[in-house]
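Please keep the model open while reading the points.

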Amino acid sequence: MLDSVIDFLNTIFWQYVLVYGLLAVGLFFSIRLRFQQVFHFGEMFRVITAAPATDREGISPFAALCTSLASRVGTGNIAGVAVALNLGGPGAIFWMWVVAFVGMATAYAESTLAQLYKVHERPGVRNGVYRGGPAFYIARGLGLPWLGAVFSVCLILSFGLVFNAVQANSVADAMVGAFGVPKMGTGIGLAVLTAIVIFGGIRQIAKVAEYVVPVMAGLYLLMALFVLAMNAGAVPSMLGHIVRNAFGYGEMAGGVAGSMTAALMNGVRRGLFSNEAGMGSAPNIAAAATPVPHHPSSQGFVQSLGVFVDTIVVCTCTAVMILLSAAYVPGGELTGTQLTQAAMAEQVGWFGPHFIAIAIFFFAFTSIIGNYAYSEMAMTFLGLGNRAGFMTLRVLVLAMVVWGAVQAVATVFNLADASMGLMATINLVAIVALSGTVVTLTRHYFSQRRSGEEPRFHLGEHPEIAKGVDADIWR
């Protein structure tokens, strides 16, 4: 019965709503913002390398980027890419690129709105944190607090519970394959490590992410680049295979039924699962940052960069490593983490599966703590941001980590798709409705850049968007 309901929801979301909705909304913002993900690509690096703010409220932009990458760069970059290749063929990677390209504009829009409509955790109290995200801009920007509450419940169910089960599931598979560790043992160990961090709250999560994520992603990329360098001559032709298979051409498409449709559907699904653009997740931590420059748009650029790093860089490296190996058979039995491990073993020998197991452990661990951080924001919006509420959430998160470690991969991924679909649908409607505000902020930001000024946002200069915005934050 449960499987039938999940399958029905996935059919509605992924065949009629989100496959086209995600691309349409991303293209909509790309056009309205004049493809700034291309023409203002350098701005993403300028804002992330700016000097930290002296304001002790919130967290730094770099910490916000690392925390969002902690959630983004997870099992979707290792297991998810392998699943996309298995079910959709090499062409699925092309559609992951497309989702990421237009998703950079979507990520900018949702995180800019999250910054604008954020609130103080404890107004008038120094050294607190900011709270915000889609629930807040739905309630304060659109005047629909009930819809913000629905979104918050969806976020807690998907990120706080289901997605953390997905992460644990992939770690358990990797540990069995590399070290023979029982799945239950992996689940308990991961839950203990998670508990040590999440009981420290948002600041503790951001601090851990700030140290772990750069090292984690850097080591993985170095290994991937080493493998690509070993096969440098074959890489260009493999990229060509990806593009041809995206449209149903090429010899590799033969192993996948309905190759172009399969490539599109699986590329979009796994692309969104990996980079989360438009889903409404990353804006929750984007709102916690003290932006530099002091303008809502600057945090939008930071999170747009996060999408680029996650999909265009990390997922592509994983995909090409798999495609360069004989372990990959379109539509074959080997999939998920085990396919990536087999591909790495072929490239670097016995060390490969062990490296992937360790990498995916840290990827999943940081994803879990990042997902929990998002859930805290939702709990705050629902009025449950107290000791008892957070304690209940933390216990449930840890329970889902253990549960997910012993479940079948197909069941967990299907449930994740359904919960993600509902959440993303609500967020996409909201950001399109508030697109005029995004355009106003963006034009104001670049008008100051063109004048040689550091952008600063003063709410008093923009009465047309003042409704629902905290005047104390944007004086």
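1. Basis. This is a predicted model in which local features need pLDDT of at least 70 and side-chain atom pairs count only at pLDDT 80 or more, while totals for chains, interfaces and linings use all residues. Residues are numbered from 1 along each chain as its sequence is written, and side-chain values use heavy atoms, with hydrogens and water left out.

2. Crossing of two helices. Two packed helices are described by the angle between their axes and the distance between the axes. The axes of helix 6 (residues 91-116) and helix 19 (residues 435-450) cross at roughly 85° and come within 10 Å. Helices here are DSSP runs (H or I, at least four residues; strands are E, at least two), numbered from the N terminus. The axes are lines fitted to C-alpha atoms over the stretch in contact, with angles from 0 to 180 degrees between N-to-C directions. Helix 6 and helix 19 are therefore roughly perpendicular to each other, a term for angles of 65 to 115 degrees.

3. Residues at the crossing. Helix 6 contributes Tyr108, Ala109, Thr112, Leu113 and Leu116 to the contact, and helix 19 contributes Thr437, Val438, Leu441 and Thr442. Contact means heavy atoms within 4.5 Å. By class, the contact of helix 6 with helix 19 has six nonpolar residues, three polar ones and no charged ones. In this scheme Ala, Val, Leu, Ile, Met, Phe, Trp, Tyr, Cys and Pro are nonpolar, Asp, Glu, Lys and Arg are charged, and the others, Gly among them, are polar.

4. Ser111 in helix 6. Ser111 also lies in helix 6. Ser111 counts as buried because its relative accessibility is 1%; buried means under 20% relative accessible area, exposed over 50%, and partly exposed in between (1.4 Å probe, protein chains only). Leaving aside neighbours within four places in sequence, Ser111 is in contact with Pro283, Ala286, Gln299, Gly300 and Gln303. Ser111 and Ser298 are 187 residues apart along the chain, and their C-alpha atoms are separated by 9.2 Å.

5. Backbone details. A cis peptide bond, with omega about 0°, joins Val292 and Pro293. Pro293 belongs to the loop between helix 13 (282-286) and helix 14 (296-323). In the loop between helix 1 (2-32) and helix 2 (36-39), Arg34 has a positive phi near 60° without being a glycine. Phe35, in the loop between helix 1 and helix 2, is likewise not a glycine and has a positive phi of about 50°. Arg34 is exposed, at 64% relative accessibility, whereas Phe35 is partly exposed, at 29%.

6. Cysteines. How many disulfides does a search of the whole structure find? The search finds zero, a disulfide being a pair of cysteine sulfur atoms within 2.5 Å. For Cys66, the nearest cysteine sulfur is that of Cys315, 18 Å away. Cys66 is buried at 3% relative accessibility, and Cys154 is buried at 8%.

7. Annotated spans. An unreviewed UniProt entry lists several residue ranges as "transmembrane region", among them 211-234 and 422-441. UniProt positions follow the numbering used here, feature names are shortened, and annotations may be inferred rather than shown by experiment. In the model, residues 211-234 are 83% helix and 0% strand, with end C-alpha atoms 35 Å apart. Residues 422-441 are 95% helix and 0% strand, and their end C-alpha atoms lie 28 Å apart.

8. Further single residues. Thr316, in helix 14, is buried at 13% relative accessible area; Trp97 and Thr311 are in contact with Thr316 when neighbours within four places in sequence are left aside. Val402, in helix 17 (residues 387-405), is partly exposed at 22%. With the neighbours within four places in sequence set aside, Val402 is in contact with Met184, Gly187, Ile188 and Ala191.

9. After helix 19. Lys467 is found in the segment after helix 19. Is Lys467 buried or exposed? Lys467 is exposed, with a relative accessible area of 71%. Not counting residues up to four places away in sequence, Lys467 touches Tyr117 and Arg140.

Conventions. Angles under 35 degrees count as roughly parallel, over 145 as roughly antiparallel, 65 to 115 as roughly perpendicular and the rest as oblique.
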